[in-house]
Amino acid sequence: MLKCGMSGSQVKVFGKAIQALSRISDELWLDPSEKGLALRSVNSCRSAYGCVLFSPVFFQHYQWSTSVKVNENDSTTSNLNCKLGMKSILPIFRCLNSLERNVEKCKIFTSSDLCKVVIQFFCRHGIRRTHNVCFQESQPLQVIFEKNMCSNMLIIQPRVLAEAVVLFTSSQEEVTLAVTPLSVCLKSSSDEPMDLTSSVYSEMFVGPDEFDFFQIGADTEITFCFKELKGMLTFSEATHAPIAIHFDFPGKPMALSIDDMLLEANFILATLADEPSRASSPPSLCLSQKQKRSDLMCSTNNNSKTGKNATSKAPGCILRKAAPKRLYPNETQTDIPALENCGSPIMKRVNEDISEVPESSVSNTEEGPGSSYLRQFSCVFFGAVSSDQRQHFNYPFDSLATASDSEEDMNNGSSSTF
Amino acid sequence: MKFRAKIMDAACLNHFTWVSAMIAKLAKTCTLRISPQKLNFILSDKVANGGVSMWCELEQENFFSEFQVEGVSAENKAISLELMLENLSQALKTAWNARALKIKLTNKHSPCLTVSIELLSVSSSSRIVTYDIPVKVIPRKLWKDLQEPTVPVSDVSIYLPVLKTMKSIVEKMKNISNHLIIEANLSGELNLKIETELATHFKDLGNPPSASEDASQDRDPEQMAEVHVDIQKLLQFLAGQQVNPTKAVCNIVSNKTVHFDLLHEDVSLQYFIPAFS
């Protein structure tokens with residue numbers, strides 16, 4: 001049960017959060033708790049997750065309660081498990097500048113018996129706009145990711161990142177962040193240019209002095225989806241808060257976060273993993289990679305925790321690439337046995353990667369844009385948000401993904417939930 | 001084969017960016033010919049282009065502070081490259097506030113034009129941005145297609161009216177018909193007509209002095225020379241002209257071609273549209 005109200009300028013920030021999350025997927029979870037109202041979004045291939053948590057202080061008033069269902073044997077408390085379609089909610093928060101000017105107050109509340117979220121705008125001249133949005137009952141997903149344990153952390157003003165992002169054309173799906181203790185380079189991670197129609201390779205170096213905080217453990221290069229970065233960037237420009245980037249080695253997810261008194265935003269993105277055994281292979285990212293990726297994705301989905309049947313054509317999916325250029329047929333054959341091991345043991349595979357990927361196997365930034373290893377895609381793991389404390393699920397991913405809301409877990413610092 | 005050039009002056013850089021943006025509106029791919037004195041953007045009249053051809057020329061010393069080009073051999077001092085104009089124009093757009101711009105021909109995995117821009121960021125530390133634009137080197141045996149077009153002997157030569165006005169008129173006409181008749185005479189009158197009797201008349205435009213004295217003396221100043229052209233091609237040409245040029249001349253060869261000869265300060269642009277066959 002949720003009841004909250006905000007002013008016109010707060011609506012703009014709220015709307016920007018929804019727009020940023022819309023870049024991740026077509027579905028949005030509205031998840032109120034005592035910590036505040038969380039908006040969560042996960043893309044269907046589980047390679048990107050976004051959560052914006054608005055603290056109660058952000059709103060003019062904020063009321064939240066769990067509903068208690070009394071069954072025959074016990075009573076269960078349940079959160080508002082509310083999942084909205086982006087198509088329904090995004091048009092409501094369109095034209096944010098005019099909303100900011102015209103809206104005096106905005107109330108959002110849920111109707112307990114019907115599965116409806118009501119959004120009311122009290123505008124100037126006595127106009128009141130009411131939107132009733134139906135929601136689906138669905139437990140939100142939440143990612144377990146210890147961002148403070150990452151060895152590399154950068155804090156940068158959004159304006160600087162925005163200047164970098166302008167370089168890349170919208171046709172480029174992935175972007176590579178290459179860091180050394182002395183410099184940071186943002187570059188397009190396309191294959192070697194083969195013909196006129198391939199996209200332009202761009203790179204930009206940013207000096208350490210442009211960062212508010214610069215901590216680099218070792219030379220690293222990570223590749224992630226560009227679209228999700230852009231989403232986060234537009235949101236951060238609205239909040240004028242610096243963005244913190246936490247990352248480790250390729251394959252391990254990276255976190256983009258904004259921490260402000262009133263809200264906390266976290267975007268966890270999966271990064272491309274380097275395949276350590278391929279360190280000596282000739283440089284190519286080719287058709288075989290596409291096959292590998294799509295196979296990985298299908299098998300992950302089969303074992304996916306929520307049992308959703310996500311199609312392989314998810315718009316937010318990092319795995320979808322434009323026509324790949326095929327170079328080395330040999331690689332295709334040797335990769336297939338690797339593929340058979342994927343699927344539910346994907347988690348195990350990630351663990352192997354964690355121990356096997358030595359820093360030196362990370363590609364050298366000086367080699368130029370074309371040299372890259374055959375990469376394997378890894379996914380992020382999730383636990384469901386649940387009011388039941390320490391609820392464990394019977395899934396093979398137990399050791400990484402446990403859902404926990406309890407205070408003790410947070411104090412232990414063993415994992416942090418967003 | 002070597003090419004390296006540098007622009008240090010902000011005004012030159014902006015002008016070069018503007019030229020590339022204008023050419024990008026006229027064609028998707030074209031040939032860039034680099035020779036020791038000049039840079040040319042060339043579109044030759046292949047069937048793929050619908051028969052239109054374009055020749056744009058600029059003097060390199062008006063733009064570049066450093067300019068070095070070496071062809072394949074000592075006699076052939078020029079290089080011809082084919083590239084997607086959108087890529088070049090996109091890269092140059094980033095350079096609007098740059099300190100310096102360097103262009104050079106590189107061969108990382110395939111030939112590229114590497115554009116390296118030194119930006120002065122807001123926090124006053126300089127930042128280097130690099131773009132590798134894929135290009136295709138055009139071999140010498142195909143260079144004969146890339147010659148400067150000979151200006152045909154035209155029946156009528158006339159100065160054009162304000163291009164923006166012409167463009168908005170042709171825009172409205174394109175919804176009615178697919179082709180348009182351009183006719184002009186030596187009394188400074190230009191008409192744009194389409195089939196359904198809709199016509200726009202421009203008067204008092206003036207005619208440039210004709211190169212060949214005999215032809216103009218024989219011709220009745222009131223007599224119109226006309227050519228039927230595809231509206232889309234004319235519109236594409238006009239759409240590229242955001243700023244009114246210093247000089248704009250239209251030469252009509254009756255029922256054959258219309259030739260537009262523009263001069264934007266120091267950049268000359270020639271555009272040929274063939275008659276509807």
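1. A:Cys225 counts as buried because its relative accessibility is 6%, under the 20% cut-off. B:Cys112 is also buried, with a relative accessible area of 1%.

2. Confidence. The model as a whole has an ipTM of 0.71 and a pTM of 0.67. For chain B the average pLDDT is 84, and 94% of its residues score at least 70. Where pLDDT is low, the predicted coordinates should not be read in detail.

3. The sheet in chain A. Ten strands of chain A make up an open sheet with antiparallel pairing. Read across, the order is β12-β8-β2-β3-β4-β22-β21-β20-β14-β18. At the edges are β12 (136–137) and β18 (211–215) of chain A, each of which pairs on one side only.

4. Helix α1 of chain B. This helix covers residues 10–26, which is 17 residues. From first C-alpha to last, α1 of chain B reaches 25 Å, close to the 24 Å expected at 1.5 Å a residue.

5. Burial along that helix. Which residues of α1(B) are buried? They are B:Cys12, B:Leu13, B:His15, B:Phe16, B:Thr17, B:Val19, B:Ser20, B:Met22, B:Ile23 and B:Leu26. When reading such a list, recall that an α-helix has 3.6 residues a turn, so residues three or four places apart point the same way.

Definitions and conventions. Residues numbered from 1 in each chain as written. Chains lettered and ligands numbered in written order. Predicted model: local features only at pLDDT ≥ 70, side-chain atom pairs only at ≥ 80, totals over all residues. Heavy atoms only, no water. Pairing = 2+ DSSP bridges. Helix = DSSP H or I, 4+ residues; strand = E, 2+ residues; numbered from the N terminus. Expected span 1.5 Å × (residues − 1). Buried < 20%, exposed > 50% of the residue type's maximum accessible area, 1.4 Å probe, protein only. pLDDT = per-residue confidence, 0-100.
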